[in-house]
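Dear colleague,

I am handing over the structure we spoke about, and you will find it just below. After it I set down what was found where the chains meet and how the copies are arranged.

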There are 4 protein chains.
Amino acid sequence: MIKVGIVGGTGYTGVELLRLLASHPQVRLQTITSRSEAGMPVAELFPNLRGRVDLRFSEPDRAALADCDVVFTATPNGVAMGMARELLASGTRMIDLAADFRLRDPAEWERWYGMPHACPELLEEAVYGLPEVNREAVRAARLVANPGCYPTAVQLGFLPLIEAGLADTGRLVADCKSGVSGAGRKAAVPTLMAESGESFKAYAVPGHRHLPEIRQGLALAAGSGVGLTFVPHLVPMIRGIHATLYATIADRGADLQALFERRYAGEPFVDVMPPGSHPETRAVRGANHCRLALHRPQDGDVVVVLAVIDNLVKGAAGQAVQNMNLMFGLPEDSGLGQVALLP
Amino acid sequence: MIKVGIVGGTGYTGVELLRLLASHPQVRLQTITSRSEAGMPVAELFPNLRGRVDLRFSEPDRAALADCDVVFTATPNGVAMGMARELLASGTRMIDLAADFRLRDPAEWERWYGMPHACPELLEEAVYGLPEVNREAVRAARLVANPGCYPTAVQLGFLPLIEAGLADTGRLVADCKSGVSGAGRKAAVPTLMAESGESFKAYAVPGHRHLPEIRQGLALAAGSGVGLTFVPHLVPMIRGIHATLYATIADRGADLQALFERRYAGEPFVDVMPPGSHPETRAVRGANHCRLALHRPQDGDVVVVLAVIDNLVKGAAGQAVQNMNLMFGLPEDSGLGQVALLP
Amino acid sequence: MIKVGIVGGTGYTGVELLRLLASHPQVRLQTITSRSEAGMPVAELFPNLRGRVDLRFSEPDRAALADCDVVFTATPNGVAMGMARELLASGTRMIDLAADFRLRDPAEWERWYGMPHACPELLEEAVYGLPEVNREAVRAARLVANPGCYPTAVQLGFLPLIEAGLADTGRLVADCKSGVSGAGRKAAVPTLMAESGESFKAYAVPGHRHLPEIRQGLALAAGSGVGLTFVPHLVPMIRGIHATLYATIADRGADLQALFERRYAGEPFVDVMPPGSHPETRAVRGANHCRLALHRPQDGDVVVVLAVIDNLVKGAAGQAVQNMNLMFGLPEDSGLGQVALLP
Amino acid sequence: MIKVGIVGGTGYTGVELLRLLASHPQVRLQTITSRSEAGMPVAELFPNLRGRVDLRFSEPDRAALADCDVVFTATPNGVAMGMARELLASGTRMIDLAADFRLRDPAEWERWYGMPHACPELLEEAVYGLPEVNREAVRAARLVANPGCYPTAVQLGFLPLIEAGLADTGRLVADCKSGVSGAGRKAAVPTLMAESGESFKAYAVPGHRHLPEIRQGLALAAGSGVGLTFVPHLVPMIRGIHATLYATIADRGADLQALFERRYAGEPFVDVMPPGSHPETRAVRGANHCRLALHRPQDGDVVVVLAVIDNLVKGAAGQAVQNMNLMFGLPEDSGLGQVALLP
């Protein structure tokens with residue numbers, strides 16, 4: 001059994017980790033920390049876990065964490081980087097669900113997150129945990145930077161086109177839509193139901209923090225910088241991301257369906273749907289899958305890729321468990337067999 | 001033109017007052033105060049008012065308020081009672097949308113609201129602004145206590161039965177459901193969309209602050225105390241209250257439909273629907289109506305009254321405007337001609 | 001492995017059965033029928049099942065069904081009773097998720113369902129599949145009548161009070177609220193999102209088909225007929241039932257919390273929450289649990305029981321799988337380990 | 001008073017016309033037809049109209065319609081074109097809310113709508129009723145083709161750029177999102193709340209009927225054909241369209257904010273919001289406004305225009321009333337003073 005700790009378990013990625021890990025056959029949950037809720041039974045805050053998780057939230061404790069085989073950090077940006085050196089030194093591996101280790105360039109990190117990086121020397125070691133790109137590196141990693149939700153959907157949708165050299169990488173458009181759980185479990189007026197229900201809007205059009213992360217991943221695949229317009233929107237629903245991706249291709253004759261199917265053959269969590277499909281976010285609700293479909297409207301030179309994920313699963317906690325499975329030599333889909341909840 | 005001031009205009013009853021008053025033919029909005037947003041244009045916070053309301057939020061200013069003919073207080077409980085004496089002394093009339101003047105007994109107020117009453121001598125003068133009960137008193141009032149949202153729906157539904165002496169007043173049940181805007185526009189975790197969307201729950205079953213207000217109103221009609229079980233629930237929608245009311249009647253032969261129609265004949269905002277109806281909250285969304293329907297299942301001795309209102313209109317701002325119309329001798333429905341938004 | 005067939009698999013109980021059975025370790029799905037969709041891959045209609053269910057819908061075929069160990073009928077009312085005799089004669093056991101075998105009195109069935117019963121002689125044999133009441137009988141049953149969704153929640157909430165002789169059974173009130181999936185997956189205007197979204201209403205107040213089913217179950221527990229007012233409501237959400245139950249008790253000193261905890265001790269799927277709790281439907285979304293809480297407001301003689309279930313799981317497909325587990329000697333919670341999806 | 005008839009009043013554009021016209025000071029509703037509901041009081045089908053509309057639905061009657069000054073056709077595509085010749089010949093003017101007269105080329109109409117056009121000679125006379133483009137022609141029109149919902153939002157968002165010659169018209173992208181009321185009030189599985197709630201998807205990516213309508217309008221402004229990728233999506237909400245528009249501009253120095261403000265100066269229903277804004281659909285819910293905002297992310301050469309309308313108001317019934325006002329010489333905003341319902 002793998003001894004697991006969670007730091008910062010009171011948010012939505014925290015409770016989702018708990019849902020998945022509580023059913024994982026190879027995991028023993030050892031500790032879950034929260035400064036604000038220390039002492040409270042986890043199942044009191046999250047009654048869906050009654051009868052399944054008996055732990056209480058505890059104050060962060062170095063020894064207890066160091067005793068774990070792996071620690072998931074589901075903390076606000078900037079917290080995990082303060083703990084990483086010590087935790088890794090104790091031999092514990094670490095999967096960070098925040099953004100602390102996603103950008104390789106500390107200057108870029110500082111520009112977008114507004115604080116200097118606490119351990120830039122670890123940025124090089126950290127493995128960006130998108131298994132469909134970095135599977136082998138993840139297996140060996142001590143420190144995994146779990147990708148952001150939008151970056152997961154956008155990269156999985158664009159990568160086959162870019163890796164094959166088919167897309168004009170100077171003019172990519174990612175029009176993305178997310179449910180409100182993406183904003184986290186924190187008291188705030190804009191995500192009240194009376195504010196975000198029954199309404200739709202774009203936000204952060206001038207620049208969202210996931211932009212540099214996506215650009216970094218696409219540039220690595222392209223071998224050079226990319227031009228990307230990224231517009232996120234808030235959908236009046238709880239879970240789900242839908243990415244609508246636009247790319248211009250030079251070769252109208254390319255068999256894109258075959259390209260995508262080949263790229264993702266054998267991938268346990270990427271599903272290339274049949275031609276003509278329109279994936280719905282509910283088809284992945286609660287499941288770790290990314291479902292993709294391809295269109296080339298009016299047989300033109302614009303490819304439209306539709307990609308859906310559950311932002312809390314493949315976009316966060318599920319992908320983190322997938323990475324854990326890789327790191328510890330378990331079957332990649334261990335504990336991730338949930339069928340999406342439809343309707 | 002009536003010169004109107006609003007104190008505390010940044011909440012949902014505030015913006016709803018603005019929506020209604022902006023179209024009222026007899027009103028000039030003079031001032032709207034908010035300590036937290038002073039200086040900000042109202043239409044920046046509430047873009048639905050762009051082009052319709054040019055005011056900015058201002059710091060509360062005694063002289064500016066005293067210059068108004070009437071001031072609406074849409075403040076947290078306990079604020080209005082601190083301003084009432086001075087405002088009334090200056091000749092300004094006052095309609096309080098909070099709970100400060102709803103309970104006649106200051107000890108009861110202190111018990112439920114946890115603070116001593118600041119001006120108990122005004123409790124006797126204050127008129128409980130349910131026009132269907134106190135129309136004449138409202139016309140003459142200096143100070144109106146605008147009813148709570150649940151109390152409006154529950155009283156309108158029970159009153160005909162109680163006034164006619166038909167109901168067993170010792171065993172009333174009010175099972176009520178409200179949209180999330182009833183919780184107000186304040187940062188809080190439980191009313192986040194990710195918390196209250198796609199879910200349903202009861203709350204405050206041990207005791208809700210609207211309980212003593214409802215009991216007071218029903219007892220006045222009954223001529224003695226009543227036994228009432230009141231259970232409020234939170235519905236994953238924004239606007240609307242649905243009250244499902246249960247009463248046992250002694251006389252199964254009574255023509256309840258005729259009773260209700262007679263009681264509310266001529267009432268501009270109470271609609272007794274045809275026998276067999278099931279009113280929907282959307283049939284009053286944005287409108288000042290209460291729609292009612294009566295059932296006596298299986299011809300038994302239990303009467304089920306169904307009552308719907310928009311909690312922000314007939315349950316708050318609309319009823320306040322209705323009261324203002326009465327106080328200033330205007331047609332009672334002036335500025336309240338909105339047709340409910342369906343779908 | 002148990003060989004399983006499903007008749008009528010295109011509705012919501014059908015897809016939910018598939019979700020649960022696809023992960024059940026002891027089940028082999030053999031056949032799933034649908035006249036209207038015969039030939040279509042199941043996963044094309046329900047893309048959440050892609051990669052998990054490879055079957056196609058097929059025309060109902062007697063031999064194929066007779067070859068199953070158990071057949072679930074998830075058909076419109078009146079269909080299963082036409083197949084039961086033959087299917088049972090072939091040695092196949094049967095779990096009906098419709099209402100065909102729920103009422104013991106064929107005259108009562110005809111009154112509420114508007115057609116004569118096709119095999120009244122089987123009504124006596126059929127076991128009402130509420131395991132918390134009929135566990136032993138279910139184990140031995142050839143034919144199980146799976147309870148309705150409202151009846152499951154209402155009975156689980158009232159039974160401890162009635163069995164203990166504490167409640168006045170002449171004056172019970174069940175105010176129930178259901179998500180829209182309860183109306184089924186059929187083209188209809190009233191359950192369009194534009195009709196039932198952002199609105200709340202009661203329906204079928206004069207008499208709902210679940211009323212005789214609930215009365216039958218409570219009367220059996222009480223030892224005599226009961227007086228019940230049952231009012232169902234439609235909630236703008238997809239899954240979940242919340243029952244708010246009112247009963248008058250003679251003995252105010254009774255320890256109701258202890259009574260309920262004792263009654264349901266050892267029950268794998270009934271969770272009596274701590275005193276003061278307000279269960280939310282999302283705490284059981286996708287899970288087979290019923291969560292209950294008890295209140296006695298203002299220490300009066302009215303008990304308020306709050307009960308939540310997922311109408312498609314404990315209220316339909318999950319309970320059916322629970323019954324199957326009992327019938328085939330499997331652990332009762334086999335394949336039912338899902339943690340509710342929150343948020 | 002203008003005598004008004006409505007043909008096909010049982011859909012969402014029908015009830016919305018009724019909501020607006022019931023409050024219009026210059027209108028007398030004379031007749032409203034529906035074959036399916038003939039004889040039923042309008043307010044029985046749409047209880048929000050109780051006390052405001054006393055008409056019953058009637059069988060279509062030529063004489064009654066010919067007696068109207070103007071007839072709104074809110075019928076399925078293909079019906080209005082069968083009535084137009086005769087109605088116009090009788091001197092009645094006509095505003096079609098369906099697609100029958102939107103495309104100037106009858107061959108294009110037949111290609112997208114699958115039937116030959118019944119009166120191609122009227123296509124030339126019909127005025128495309130986008131007042132911001134064709135105001136003077138609308139004033140004189142006998143026959144107005146009321147624009148589609150998506151085309152209204154997309155054209156208002158792109159037109160200033162295209163008219164000014166700033167956009168690369170060969171590479172336009174319109175990523176559009178609509179609430180479910182856009183699918184109309186007809187029994188269908190895909191728009192059930194249990195299907196479309198809590199989920200998000202694209203649809204009709206290979207080609208939507210609004211594509212040729214948008215292309216026609218943009219081409220007229222550009223003076224030549226345009227290259228447009230148009231992807232519509234379904235949002236789990238009832239009302240509202242959000243268009244996210246992408247265009248590449250040659251001149252990064254252009255003052256786009258000033259351009260848009262100049263283009264729409266004096267327009268009563270187009271609101272160019274301040275720089276940096278993110279319009280929400282709820283800011284126009286129930287109102288006839290289109291609110292627009294402009295962004296040029298990272299100071300690049302891609303302009304992002306955000307445009308919101310209420311699909312049933314500016315996207316249908318409200319724009320139809322606006323056109324009627326123009327046709328009859330009334331103030332353009334007569335009867336269209338509704339403030340959007342927020343929250």
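To begin with chain C, 100% of its interface residues are also interface residues in chain A, so the copies meet through the same surface. Please keep in mind throughout that this is a predicted model.

As for the arrangement of this pair, chain C can be laid on chain A by a turn of 180° with a shift of 0.0 Å along the axis, and the RMSD is then 0.0 Å. The two copies are therefore related as by a two-fold rotation axis.

Turning to chain D, a rotation of 180°, again with 0.0 Å of shift along its axis, superposes this chain on chain A with an RMSD of 0.0 Å. The C-alpha of chain D that lies nearest the axis belongs to Pro236(D), at 3.2 Å from it.

The contact between these two chains draws 36 residues from chain D and 36 residues from chain A. On the side of chain D that touches chain A, the elements that give two or more residues are β7 (172–178), α9 (193–196), β8 (201–202), β9 (228–234), β10 (241–248) and β13 (302–309) of chain D. Sorted by class, that side of chain D has 19 nonpolar, 10 polar and 7 charged residues. Here too, 100% of the interface residues of chain D are also interface residues in chain A, so the copies meet through the same surface.

Note on methods
Residues numbered from 1 in each chain as written. Chains lettered and ligands numbered in written order. Predicted model: local features only at pLDDT ≥ 70, side-chain atom pairs only at ≥ 80, totals over all residues. Contact = placed C-beta atoms within 7 Å. Helix = DSSP H or I, 4+ residues; strand = E, 2+ residues; numbered from the N terminus. Nonpolar A, V, L, I, M, F, W, Y, C, P; charged D, E, K, R; others polar. Least-squares fit on C-alpha atoms with pLDDT ≥ 70 in both.
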